[in-house]
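Student: I am new to this one. Please show me how to read it, feature by feature.

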Amino acid sequence: MRVLYLGLAVPNLDDYHNMFTELMIEFKENGHEVLIVGPSLEDGAIGLRQEDGFDVLRVPTMKLFKVGKYQKGIANILLPHQYKKTLKKSKIDLNFDLVVIPTPPITLGRLANWFKSKYNSKVYLILRDIFPQNAVDLKMMSKTGPAHAYFRHMEKKLYKTSDYIGCMSQGNIDFVAKHNPAVDKRKLHLLPNWGPLRELESTKDLELARKYELEDKFVVIFGGNLGIPQKVENIVALAKECQDIEDIYFIVFGDGNERDNFAESIERNNLKNIRLEGYLSRIDFFKVLQIADVGLISLSEDFTIPNIPSKSLVYFNAKKPILASIDNNTDFGRNLDKLNAGVWVEAGNTSKLKEALLHLYNNEDLRLQMGENGYDYMKNNLQSHQAFETVKSVTGAN
């Protein structure tokens, strides 16, 4: 098959791969021809390039990240037009058998529909963000405003255009079916988050432990985006509640729109038991993670949609039990309970979250068992090749 991947966050593949490009690796290794389309990088390079052996078409766009919501909205609306223009000018054969698009964004559905109409391409939607409802949940958009009406219309068209819709969890499937009765239920199927299984270090990296002052500490680690969805106030509140326990130490690696507020809150509360660092490479973060004792997940309690945090994969891989502060509408907590791979509390309840943390703190055997359970689950169910097998089974890609 000839496969076209239309992405938003497409890293330089010479540096690293994200979850979606890991899936493209599987397509390529199984003999399929793959073209990846994404925004131009910071170096300004545009046009057709070779990145890690892939054909990658880099498209000039407006700035898409670390911008205000209005600029981001306009940039996403323009995206399908910019991609289409660049594709047509590239002189690439555009007769693709399969078009793969993830959310975010939903706007690329317009371009996918063009391929479907002109070339009879099949469209596979990897549904991750459910937009615009997530923006409504976080009070970034009014449900009665014109922006919501516009994007909700686009969301419905995206579901109609898609031949297959891979959802993160059964809760996602149920949510889409309930709120979109026009969607053919046969399109919806389970496609959990996936990733490569990384090799574990045989011993802790003592040099890294010294660098981040993690020696003789019970380390709670968080890595990833620091935005409104992560409700960083809840992390600060937990650290504040744990000041009386000398060896519990929080370390956070990441960046995002709420980073400055996070740093100011740490300083304002004079917290000495939490350290904020920038992003690390995936390899380096995985090394630090193996020094830690618990992997932390934080989601806003305002979500009504069932989010499944992708960072759980790296915690599973590192054999770390998960402490999750999450909303009641996600089925992630129930999955954690079923796997016995961590503990969770409804976000916003700091006293209960501290209680859950202390349960892990005081039970080393439980932590080790939960870490093993999460690792086994990822090994048996969440690797990239298993995601490819799911996609292959529904699309007929051999």
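Tutor: Start with a helix on a sheet. Helix α10 (residues 282-289) lies across β9 and β10 and runs at about 160° to β9. Contact here means heavy atoms within 4.5 Å. Axes are lines fitted to C-alpha atoms, for helices over the stretch in contact, and angles run from 0 to 180 degrees between N-to-C directions. Helices (H or I, at least four residues) and strands (E, at least two) are DSSP runs, numbered from the N terminus.

Student: What kind of model am I looking at?

Tutor: This is a predicted model: local features need pLDDT of at least 70, side-chain atom pairs count only at pLDDT 80 or more, and totals for chains, interfaces and linings use all residues. Residues are numbered from 1 along each chain as its sequence is written, and side-chain values use heavy atoms, with hydrogens and water left out.

Student: How do I read a sheet, and what is the strand order here?

Tutor: Look for paired strands: two strands pair if DSSP finds at least two bridges between them. Here 6 strands form an open sheet in the order β11-β10-β9-β12-β13-β14, with parallel pairing. At the edges stand β11 and β14 (342-346); each has a single partner strand, so one side of each is left without a neighbour in the sheet. On average, neighbouring strands of this sheet are turned by 20° against each other, direction ignored.

Student: Over how many bridges do β9 and β10 pair?

Tutor: β9 and β10 (residues 248-255) pair in the parallel sense over 8 bridges. Valine 220 has phenylalanine 250 of β10 as its bridge partner. Asparagine 225 has aspartate 255 of β10.

Student: Is β10 mostly covered or mostly open?

Tutor: Check accessibility. Buried means under 20% relative accessible area, exposed over 50%, and partly exposed in between (1.4 Å probe, protein chains only). In β10, 7 of its 8 residues are buried, and the strand is mostly covered.

Student: How do I describe two helices that touch?

Tutor: Give the distance and the crossing angle. The axes of α2 (residues 69-89) and α3 come within 8 Å and cross at roughly 40°. That makes α2 oblique to α3. Angles under 35 degrees count as roughly parallel, over 145 as roughly antiparallel, 65 to 115 as roughly perpendicular, and the rest as oblique. On the α2 side the contact includes Pro80, His81 and Tyr83; on the α3 side, Trp114 and Phe115 are among the residues.

Student: How are aromatic pairs read, and how many are there?

Tutor: A pair of aromatic rings is described by the distance of the centres and the angle of the planes. Rings of Phe, Tyr and Trp (its six-membered ring) pair if their centres lie within 6.5 Å; planes under 30 degrees apart count as stacked, over 60 as edge-to-face and the rest as tilted. The count comes to 14 aromatic pairs. In one of them, phenylalanine 27 and phenylalanine 388 have ring centres 5.0 Å apart and planes at 85°, so the pair is edge-to-face. Phenylalanine 27 sits in helix α1 (residues 19-29) and phenylalanine 388 in helix α15 (residues 384-395), 361 residues apart, and the pair links distant parts of the chain. Both phenylalanine 27 and phenylalanine 388 are buried.

Student: How is the pair of phenylalanine 115 and tyrosine 119 arranged?

Tutor: That pair is tilted, with 6.0 Å from centre to centre and 35° between the planes. Both residues lie in helix α3, 4 residues apart, about one turn of the helix. Phenylalanine 115 is buried, at 0% relative accessibility. Tyrosine 119 is partly exposed, at 24%. Ring pairs also link these two with Phe96 and Trp114 into a cluster.

Student: Which charged end sits over the ring of tyrosine 119?

Tutor: A charge sits over a ring if NZ of Lys or CZ of Arg is within 6 Å of the ring centre and within 35 degrees of the ring normal. The charged end of lysine 118 sits over tyrosine 119, 5.7 Å from the ring centre. Elsewhere, lysine 28 lies over the face of phenylalanine 54, at 4.6 Å.

Student: Where should I check the backbone?

Tutor: Threonine 103 and proline 104 are joined by a cis peptide bond, with omega about 0°. Proline 104 lies in the loop between β5 (98-102) and α3 (109-119). The bond from phenylalanine 131 to proline 132 is also cis, with omega near 20°. Aspartate 216 is not a glycine, yet its phi is positive, near 55°. Aspartate 216 lies in the loop between α7 (206-211) and β9 (218-225), and is exposed at 77% relative accessible area.
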